[in-house]
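I opened my notebook for a new chain.

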Amino acid sequence: MNMRRLAIILLALALVVGAEAVLLTRFAGDSASAPQATATPVPTAEPTATPTPTPEIDLEKTKPNEAGEVPIVMFHAFVDELDPNETYSNDFLRYTQSLSYLRDLLGRLYEMGYRMTSMNDFLNNEIKVEAGYKPIIFTFDDGTPSQFSLIEQDGALVLNPDCAVAVLMDFYEEHPDFGLGGTFYVNMGVSPFYEERSSGQQLAGTLQERLQYLIDQGFEVGNHTYSHYSLPDATDAETVLYQVGKNQAAMYETIDGYTFTSLSLPFGSTTADLFEYVKGGVYEGVEYKNQGIVEVGWDPAISPVNPDYDPYSIHRIRGTGFLAEDCDFEWWLENPREPEYVSDGDPNTITVPEAYMSLVDQSKLGSKQLRVY
Ligand SMILES: [Zn+2]
């Protein structure tokens, strides 16, 4: 049996399962103008008569491929510009960028057909980007104030205009179809988004006010351990429970009910022996569970439907710093790897060109329908 035939059979099966919901939705939507639609639909065992439930898109024009790869970019710190009188370490230059670079990058990504999506949508295989566009995810590690911070202005707390979030929100205002998003991996033990570590400058707002502001704008917050701990150093489960679990417990104490769904490994390294405690556990009665674990990688992330997709080893690309390097994000923009993920615009359907069906593990589709073309 060839793959197309198999896909058609699976689609037919999915249609049978989904037919009732689809019919109900259609009848509800049509009822005002079409009174005959209120008649009870007769259940049928014949899938051939059921209309296709997926929205019509021009496949040749939009060329969706949801088995493709998604760039998940990792940022650390930003400055207005470098001080020509100062000497900087290579590490600083690798992990730091200017806010004007970020502004320029957003414009280029927009023109290249990228649209912002969230880590949670990726983890849930619920990418909602418009048909024909490529999802991209921004992540920010370490909770530096140059990523996001508040300042006091005339007695009120306002967004610091000199931070990455202000750049993202300005761009979103001008280009609402680009989307707004980003996941901030924080260490609750070192007061995220507060003290500029290089200068010691302290910014405004309580921890609760800062995190709530970020969440209210639609950003996500993730786990980066309590004190930016190097997990390979852990020799017992208690240490990992403390570092990962206490970070979640501190988040609950700060923002009631806010659950981290993913963790970014500090220094990109983990513990093999105690990895199950990185994934989840219970710390002083507080349960934590990481649906995804992101690494400090060097290439785009494979699709959640890929047979090799491992939610506990999600690759990221380092955002290009002042010191550019091979396999950083600018390098990948110049050397894209096929296939890139191109959305079909419908989070309920996974659309894949027939030639890429080997990149689809059908057991990972869940309730989603597969469309092959
Ligand atoms: Zn870090």
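I call a residue buried if 20 or more other C-beta atoms lie within 10 Å of its own, exposed if 12 or fewer, and partly exposed in between, with C-beta atoms placed from the backbone. By that count, 36% of the 373 residues of the chain are buried.

I noted the source. This is a predicted model, where local features need pLDDT of at least 70, side-chain atom pairs count only at pLDDT 80 or more, and totals for chains, interfaces and linings use all residues. Residues are numbered from 1 along each chain as its sequence is written.

I looked up the secondary structure next. The chain has 10 helices and 16 strands (DSSP runs numbered from the N terminus: H or I of at least four residues for helices, E of at least two for strands).

Then I turned to α6. Its buried residues are A164, V165, L168 and F171. They share one side of α6 because they cover an arc of only 130° around the axis (the arc of the directions from the helix axis to the C-beta atoms). Exposed E173 and E174 lie on the face turned away from the buried side of α6.

What do the buried residues of α6 pack against? I found β1 (72-75), β2 (77-79), α4, β5 (134-141) and β7 (156-159).

L99, L102, R103 and L106 in α4 meet A164, V167 and F171 in α6 (contact means C-beta atoms, placed from the backbone, within 7 Å).

Note on methods
Contact = placed C-beta atoms within 7 Å.
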